[in-house]
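Please look over the chain below with its fold, its surface and its side-chain contacts in mind. The report that accompanies the structure is meant to be read alongside it.

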Amino acid sequence: MDAKITLSFDAAVIDKAKKYAKKEGVSLSRLTEILLRKAAFSQNRTIEDIPVADWVSTLSEGEAEYITTRRKRKDIKDEFYNRKK
């Protein structure tokens with residue numbers, strides 16, 4: 001089950017993370033989930049102990065698969081305009 005949260009990051013970090021996620025073919029939400037999963041479920045004592053190579057491996061292997069239903073054009077348009085408000 002998915003849950004939504006709100007996070008705040010430095011704008012430059014978000015921009016680079018979006019580009020990285022796009023290059024890897026995943027959403028920013030998926031990338032964040034992967035990184036948080038690695039941190040939360042690892043046996044490492046500190047964040048510096050979490051190997052970055054494992055993150056890249058998880059991304060490239062596609063550990064989880066999200067299956068979504070096709071959204072209606074009107075719903076996408078409404079969502080876009082509601083975000084502009």
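What follows describes the helices first, then the salt bridges, and then the aromatic and nonpolar side chains.

This is a predicted model, and its protein chain contains four helices and zero strands, so that from the N terminus on the elements run α-α-α-α. Of the 85 residues in the protein chain, 9% are buried.

Helix H2 covers residues 28-41, and because its 14 residues at 1.5 Å a residue should span 20 Å, the 20 Å found between its end C-alpha atoms agrees with that expectation. Within H2, Arg30, Leu31 and Ile34 are buried. The buried residues of H2 fall within an arc of 105 degrees when seen down the axis, and they therefore line one face of the helix. Ser29 and Ala40, on the other side of H2, are exposed.

| Salt bridge | Closest N and O atoms |
|---|---|
| Asp15 and Lys19 | 3.3 Å |
| Lys74 and Asp78 | 2.7 Å |
| Arg83 and Glu79 | 2.6 Å |

Asp15 and Lys19 are four residues apart in helix H1, and are therefore separated by about one helical turn. In this pair Asp15 is partly exposed, at 37% relative accessibility, whereas Lys19 is exposed, with a relative accessible area of 55%.

Helix H4 (residues 73-84) holds both Lys74 and Asp78, which lie four residues apart, about one turn of the helix. Lys74 counts as exposed at 56% relative accessibility, while Asp78, at 28%, counts as partly exposed. Arg83 and Glu79 are likewise in helix H4, four residues apart and so separated by about one helical turn. Here Arg83 is exposed, with a relative accessible area of 67%, and Glu79 is partly exposed, at 29% relative accessibility.

Turning to the rings, the count comes to one aromatic pair. Phe80 and Tyr81 form this pair, which is edge-to-face, with 5.2 Å centre to centre and 75 degrees between the planes. Phe80 has a relative accessibility of 45% and therefore counts as partly exposed, and Tyr81, at 49%, also counts as partly exposed.

A nonpolar patch on the surface is formed by Ile5, Leu7, Phe9 and Val13, which together have about 410 Å² of accessible area. Phe9 is placed in the segment before helix H1 (11-24), and because its relative accessible area is 49%, Phe9 is partly exposed.

Notes. Residues numbered from 1 in each chain as written. Predicted model: local features only at pLDDT ≥ 70, side-chain atom pairs only at ≥ 80, totals over all residues. Heavy atoms only, no water. Patch = residues over 30% accessible without salt bridge, like charges linked within 9 Å, V, L, I, M, F, W, Y side chains within 5 Å. Areas by Shrake-Rupley, 256 points an atom, 1.4 Å probe, with all protein chains shown as cover. Salt bridge = Lys/Arg side-chain N within 4 Å of Asp/Glu carboxyl O. Helix = DSSP H or I, 4+ residues; strand = E, 2+ residues; numbered from the N terminus. Buried < 20%, exposed > 50% of the residue type's maximum accessible area, 1.4 Å probe, protein only. Phe/Tyr/Trp six-rings, centres within 6.5 Å; stacked < 30°, edge-to-face > 60°. Expected span 1.5 Å × (residues − 1). Arc of directions from axis to C-beta.
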